[in-house]
Amino acid sequence: MPKPMLEAKNVTMKFGNLTANNNVSFFVDKGEIVSLIGPNGAGKTTIFNCISGFYKPFSGRVYFEGKDITGLSPYKITSMGLTRTFQIVKPLKEMTVKENILTGAFLRASSRSEAEKIADEILKITHLSEKKDVLAGSLTIADKKRLEIARVLATKPKMIMLDEAMAGLNQTETKEAMELCLNLNKQHGITLLIVEHVMEAIMPISNRVIVLNAGEKIAEGSPEEIVNNEEVIKAYLGERYHAKSKQINRRV
Amino acid sequence: MLLQVLLTGVLIGSVYSLVAVGLTLVWGLMDIINFAHGEFLMISMYTTFWLYALLKFDPLVSLPIAVGVVALVGVLTYKLVVKRVANAPGLMALLATFGLSLFIRNLAQFLWSPNYRFVSESLLTDKRFIIGDLIIGLPQLVAAVGSFAMTLIIALLIKKTKTGRAIQATAQSKDIAELMGVNTERIYAITFAISGACVGVAGALLANTFPVYPESGAMYGLLAFVIVALGGFGNIWGAFYAGILIGLAETLGGFYLGTQFKYAIAFLIYLLVLQFRPKGLFGW
Amino acid sequence: MKNRALYLIFAAVLVLPFAITNVNFQHVMIMFLIFASLGESWNIITGFAGQTSFGHAAFFGIGAYTSTVLFYKFGVSPWVGMLLGAGIAAVISVIVSYPCFRLRGHYFAIATLAVAEIIKQLFVSWDYVEGATGISIPVVEDSFIAMQFHGSKIPYFLIGFALFFLIVMVARSIEKSKMGFYLKAIRESHEAAEALGINPRKYKLLAMMISSALTALLGTLYAQYILYIDPFMVFSLEISMKIVLLSVLGGLGNIYGPIIGAAILIPLSEYTRVFLGGTGKGIDLMIYGALIVLIACFEPRGIIGLLKKRGKKRGALYAKTNA
């Protein structure tokens with residue numbers, strides 16, 4: 001069996017006395033779309049930060065393509081082919097859309113003209129070509145999120161971790177974002193690990209779903225399995241409402 | 001000998017502390033470095049001097065007037081300058097107050113010439129205590145005690161009064177303070193006034209011993225930044241202790257290395273401390 | 001792209017001192033070139049990379065002292081001294097910035113001030129370089145090798161212009177290159193930059209090295225022009241802040257900014273000193289100070305910002321009247 005593209009082994013992250021991630025282990029195979037879900041405060045963004053180098057885990061190890069990347073600086077991890085977007089988007093406001101993407105493209109390009117070529121291609125893929133000269137600071141939130149993805153795309157990653165890329169989008173925008181994800185995965189072979197709250201958006205496109213709650217992994221499986229998983233439902237609805245829902249089911 | 005050096009260091013340091021306390025309040029509240037803080041001190045010293053030269057007021061008598069004057073300058077500075085740059089990128093706020101300091105300093109030079117002025121005969125001049133081997137100048141002692149007293153008053157004000165608590169609230173979160181009915185606009189102005197008052201006291205006390213000239217505040221201001229950074233911005237007692245520390249470093253350094261190094265030493269301490277504790281010695 | 005405007009400026013600057021042969025004017029032109037170049041160098045670390053330095057005089061002084069001491073003690077040509085000074089400045093800048101870059105904005109700015117002050121003190125107490133007394137550069141006959149010219153100011157002007165041209169072109173090419181983009185990204189968000197594979201420390205250090213080396217070059221020219229230096233002159237806070245002021249006045253982060261800022265502030269400074277005699281020094285600084293307060297409060301983007309705004313309004317008006 002081929003090694004997974006990304007593997008987190010027993011990652012624990014503490015902030016003082018607070019344990020945000022407790023022995024979290026999972027893997028992502030090449031070519032998959034894996035979703036990471038869980039209630040607020042479950043530790044999803046924390047594990048993202050541990051994997052992408054923004055935090056140094058308290059214990060545990062992270063492997064990318066078999067290489068140990070635990071505690072490496074984020075920029076090194078990006079140059080190895082694993083990158084991420086941010087929950088609170090960070091557009092480079094003083095630059096235009098195209099310039100934002102150019103900044104990403106320079107990682108792999110050996111000249112300005114080559115970077116421009118890459119940027120133009122990315123603009124097309126992400127449907128941002130018409131807005132290429134708009135200042136990033138004045139974009140709509142949906143476009144900012146799209147730009148966020150476009151920018152990391154320009155670094156020619158093998159895998160992207162998306163941190164709540166669909167939060168705050170309306171239905172049409174969400175659908176477009178979903179399509180972009182599928183496109184990136186199927187057409188361009190990019191492995192995706194997605195943190196999301198918007199279930200309707202990710203369940204249809206995910207190969208697998210991993211569920212975190214209170215810093216621990218509580219479930220893992222296909223979308224259908226997860227939706228029917230008792231622990232998952234309890235985690236989201238809380239003990240009381242879960243019990244109530246069982247009562248309602250029995251009566252009906 | 002060493003004891004004398006240490007004592008002098010503490011006495012000098014206390015005044016540095018008071019200057020720093022004024023600065024740290026503003027810094028902690030608004031995240032704005034008032035580069036003109038040293039010039040506020042200079043204004044206080046000149047006020048004291050002119051009241052002495054023209055009206056024969058003893059510096060201790062003109063202290064309340066100096067405090068009033070500089071408090072007013074503080075409020076004006078806030079309303080006319082700081083308010084406009086409060087939301088601008090950090091460099092702008094820094095530059096605005098730096099420009100102000102440049103302006104005030106040269107205005108003073110234009111109006112009153114660069115000549116050194118002295119309050120030659122005050123209630124405290126030339127009086128001293130001698131305890132064993134120690135010589136304690138009365139002006140220095142009064143300055144130190146006065147600085148400590150003022151710091152204490154400020155600390156109590158912040159902790160115990162309604163206004164003080166409003167300042168604390170605004171420092172932690174402007175929006176939430178406003179939601180709770182605090183008039184943050186007034187709080188900012190008041191804090192600047194208090195900041196000015198601190199320096200007003202320090203200036204009147206310093207005028208007893210030190211020459212008054214346009215650049216007299218500049219170095220105090222510069223040292224105040226170092227002290228505030230060491231003490232953790234917004235931390236009143238932190239600023240006080242750090243000020244004493246700098247005073248000691250100055251006298252000890254002067255004693256062992258030579259007085260021209262005093263600022264270099266202070267800055268070196270700043271750089272070293274921030275390497276290991278980027279939030280200051282007592283910072284939060 | 002907009003290089004045409006730059007070439008026009010170069011041409012205009014080059015021609016002026018030949019057109020107006022007044023010696024005072026030529027002096028002002030030389031000071032303008034020096035300070036505009038200082039501003040451009042400073043812009044690389046502060047405007048592009050976002051690390052505010054209030055201590056750039058340190059590098060200016062290092063350049064001045066390196067070439068001066070080498071000439072004074074060993075007869076080495078100031079040209080060699082100039083390059084060596086640039087190298088030393090670059091090394092010192094790395095030693096100093098490496099630990100300081102982790103400091104937040106305000107703290108870093110004050111740290112740069114602290115470093116410049118410490119360096120000044122070191123030179124004041126260092127007998128080998130004559131300490132506070134300063135060094136008078138031995139006067140020799142007009143010589144290119146010794147970078148000394150006594151008859152006319154034009155040769156100094158030409159050297160200044162060459163440096164100005166070099167530095168502006170360096171700044172321009174950085175701006176348009178990968179490094180320029182990377183610095184701007186770092187300035188806006190370290191994290192966004194890292195997620196794009198950018199190593200913030202590496203690029204900030206690089207920017208600092210280039211900025212400090214270029215700054216040092218100008219120190220040598222200044223020393224050779226004035227023929228006397230002492231620590232209070234060349235390591236002064238006044239120089240550091242003049243550089244800051246003129247860049248911000250003109251427009252931070254913009255290649256034209258320091259040129260515009262210097263074009264306004266340097267003549268102001270030089271002529272008030274001439275016309276108002278002893279107290280002149282106070283008045284020009286008063287005006288500086290007031291200007292900076294006004295810029296910071298009302299137009300933080302400097303004069304470039306003002307021009308852009310008017311340009312936009314005109315554009316909008318044009319659109320309306322031609323709809």
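Buried residues account for 56% of the 284 residues in chain B, a residue being buried if 20 or more other C-beta atoms, placed from the backbone, lie within 10 Å of its own. The model is predicted: local features need pLDDT of at least 70, side-chain atom pairs count only at pLDDT 80 or more, and totals for chains, interfaces and linings use all residues. Residues are numbered from 1 along each chain as its sequence is written, while chains are lettered from A and ligands numbered from 1 in the order in which they are written.

**Chain B**
- Chain B has 11 helices and 2 strands; helices (H or I, at least four residues) and strands (E, at least two) are DSSP runs numbered from the N terminus.
- From the N terminus on, the order of elements in chain B is α-α-α-α-β-β-α-α-α-α-α-α-α.
- The C-alpha atoms of chain B fill a box of roughly 60 × 45 × 35 Å along the principal axes.

**Contact of chain B with chain C**
- This contact takes 34 residues from chain B and 31 residues from chain C, with two residues in contact if their C-beta atoms, placed from the backbone, lie within 7 Å.
- Helix 4 of chain B gives the most to the side of chain B that touches chain C, with 15 residues.

**Contact of chain A with chain C**
- Here 24 residues come from chain A and 16 residues from chain C.
- Helix 2 (74-79), strand 6 (82-84), helix 3 (97-105) and helix 5 (141-153) of chain A each supply at least two residues of the side of chain A that touches chain C.

Note on methods: A residue is buried if 20 or more other C-beta atoms lie within 10 Å of its own, exposed if 12 or fewer, and partly exposed in between; C-beta atoms are placed from the backbone.
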